[in-house]
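Here's a quick briefing on how this model is put together. Have a look at the structure first, then read on.

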Amino acid sequence: MEVKGTAMAGTLESSDAQVTVEPGTGIELSIESSVINQYGKKIRATVLETLERLEVKDAKVTVVDKGALDCTLKARVEGAVFRASGYSEDVICAGKKLPWGGAIQ
Amino acid sequence: MINAVGRDIPEKVLQDTGMQVFQGAYARHNQTYKKAAPTVRGIVDPKESKMVDSIAEVLKKCGIKDGMTISFHHHFREGDYVVNMVMEEIHKMGIKDITICASSLGKAHNPIVPMIEDGTIVGIQSSGVRGKIGEAISTGKLKGYAIMRSHGGRVRAIEEGDVHIDIAFIGAPTCDCYGNMRAVGGKSDCGVLSYAVADAMYADKVVAITDTLVPYPNLPASISQVYVDYVVKVDEIGNPAKIATGAAKPTTDVRKIMMAEYCTQFVINTPYFKDGFTYQTGVGGASIASTISLGKIMKERGIKMGLGLGGIAGPMCKLLEEGLIEKLVDTQDFDLTAIESVAKNPNHYEITASEYANPMNKGAYVNQLDFVILASLEVDVNFNCNVVVDSNGMITGAQGGHPDTAAGAKCTIVIAPLLQGRTPAICTNVTTVTTPGETVDVVITDYGIAINPRRQDLIEAMKDVKLPFKTIEELRDIAYSIVGEPDPVEFGDRVVGIIEGRDGTIMDVVREIKPYEFD
């Protein structure tokens, strides 16, 4: 998936994460987390896995995590990537259907 | 050296402090010791006035100098002005190497952090610290070790002479010209002065600081004139809005209400729940909800509580007024209802911190507890609790009476939601041990209840009770299945804090925090 613009998903509420995706070269990932000491590695692995699943090769990704569970993190990364790639909240956007159950898990 | 809760205490810390490692919650039973004593200046001449115009002047009269230990109490909680007021003057005078021995320190004392950085303050001994002082200690800015003591442990340390206080500064809501202090009747009422009594009795110099000077004699006094060298009147000793808040609204959080209900059901099914039982609880949402639901059952069954102990909040006062509690015995007031109650209700008594929880006197009130209901940041599979250091390794809480009441009570119940955000409360190893698992009997979470296997009698008492009993390992596994197994926090090598057991031994150490790095 190609990141065409800047987009964000998620909030800074407790147990959520705010993920920002911008165009970049390769994957540049920065993570800030309230639970970084105990879950930093797991957060990074989850974000990288999700990007790989979405076939994002080039993007600058910023995660501000407030103790989100893995499922929340995945959803926020997916949301930000699809928005940055030109999809909107609508099921069909620019003639393309969001891949629910496919790339979006 | 490995101690009785399995923590490795570095030799260097043992050498630096001369302390022993923790050997068990009751290891010092029957030991004898000689009490420490202050150096007293007799006030024989009746013409001598104790009134002094300013903090600066009283510091000079007390002979403040480099390296002294000074003390404070925390009855004004987050509304305290006294610590900052005194430290600011000491700082202006250019005094260095001060050790603060406080009953506790909070966010209100953030302004002393620059004094830690510039060497004015080199030692901190407290029940705990929050806010920026905690950050300063955890990032290695304090020159000496921070020592965290329980409320009972602090009195013990003073009475055994582990710490000698040169000057005690005691904020008093009301005081007369000869030093009789009370905690009610002024504009910054805090209800009781329990934590400050040991300071008054064992410090060489004792200074009363008040904003409400009242006619002599100010009786009944929490702290008597016979211990007081000087009295200073200032404009304000605290912010009443932050000293005591209105009664907290009962929680509407269904998770807390459920845990409270589990707690009440557990309590009433133990053999200790009978007329005249003794009880202490906290001020968290679940604790307060359980006090309310327990009250209903006491009323239905005609069972009265003989003694309600501890830090007191509104719901316990309400049970006292309804005649469901015979006597409330108080060391700290958490809200306006409690302050009013201790001032007016003859069955609501003020006691000293030594009477409350000192393990080395001839028997503290905590020893007579049937139940204590506590909270905890973390509980591990050995039932060890951590209430001082957060899961990121930062010092952020206080021991309070946690280890004292746990050691004293016949049935120690810890209520903790299984998860706080992503952080599991039930884990394999707590970050830092503050309360040893041998003194913790039951852990109640929203996912189930675990009874310590050491308490086969309680397991037996509950065998027909319909509550979701699980092993502590099962609770941990549920937590990890949801949030993943946490990596152990990586610390630096330097020890910055000592968690002192209530008997004066080393329970655990806190190391310098290390900035997180992805490898």
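Domain bounds here come from an automatic or database domain assignment. On that basis, chain B is divided into domain 1 (48-243) and domain 2 (254-489). Keep in mind that this is a predicted model: local features need pLDDT of at least 70 and side-chain atom pairs count only at pLDDT 80 or more, while totals for chains, interfaces and linings use all residues. Residues are numbered from 1 along each chain as its sequence is written, with chains lettered from A and ligands numbered from 1 in the order in which they are written.

**Overall build of chain B**
- Chain B has 16 helices and 25 strands (DSSP runs numbered from the N terminus: H or I of at least four residues for helices, E of at least two for strands).
- The C-alpha trace of chain B spans about 70 × 60 × 45 Å along its principal axes.
- A compact globule of 519 residues would have a radius of gyration near 24 Å, so the 23 Å of chain B agrees (taken over C-alpha atoms; the rule is 2.2 Å times the number of residues to the power 0.38).
- Of the 519 residues in chain B, 55% count as buried, meaning that 20 or more other C-beta atoms, placed from the backbone, lie within 10 Å of the residue's own.

- The C-alpha centres of domain 1 and domain 2 of chain B lie 29 Å apart.
- Their contact takes 29 residues from domain 1 of chain B and 33 residues from domain 2 of chain B (residues are in contact if their C-beta atoms, placed from the backbone, lie within 7 Å).
- On the domain 1 side, α5 (131-138), α6 (151-160) and α7 (197-202) of chain B each give two or more residues.
- α6(B) gives the most to that side, with 6 residues.

**Nonpolar cores**
- The largest nonpolar core has 161 residues, and Ile170(B), Val207(B) and Ile413(B) touch the most other members (a core is a set of buried Ala, Val, Leu, Ile, Met, Phe, Trp, Tyr and Cys residues joined through C-beta atoms within 7 Å).
- Helix α9 (residues 254-268) of chain B gives the most to this core, with 6 residues.
- Both domain 1 and domain 2 of chain B supply at least three residues each to this core.
- Another core, of 24 residues, lies apart from it and includes Val19(A) and Tyr39(A).

**Between the chains**
- Chain B puts 15 residues in contact with 15 residues of chain A.

Definitions and conventions. Two residues are in contact if their C-beta atoms, placed from the backbone, lie within 7 Å. A residue is buried if 20 or more other C-beta atoms lie within 10 Å of its own, exposed if 12 or fewer, and partly exposed in between; C-beta atoms are placed from the backbone.
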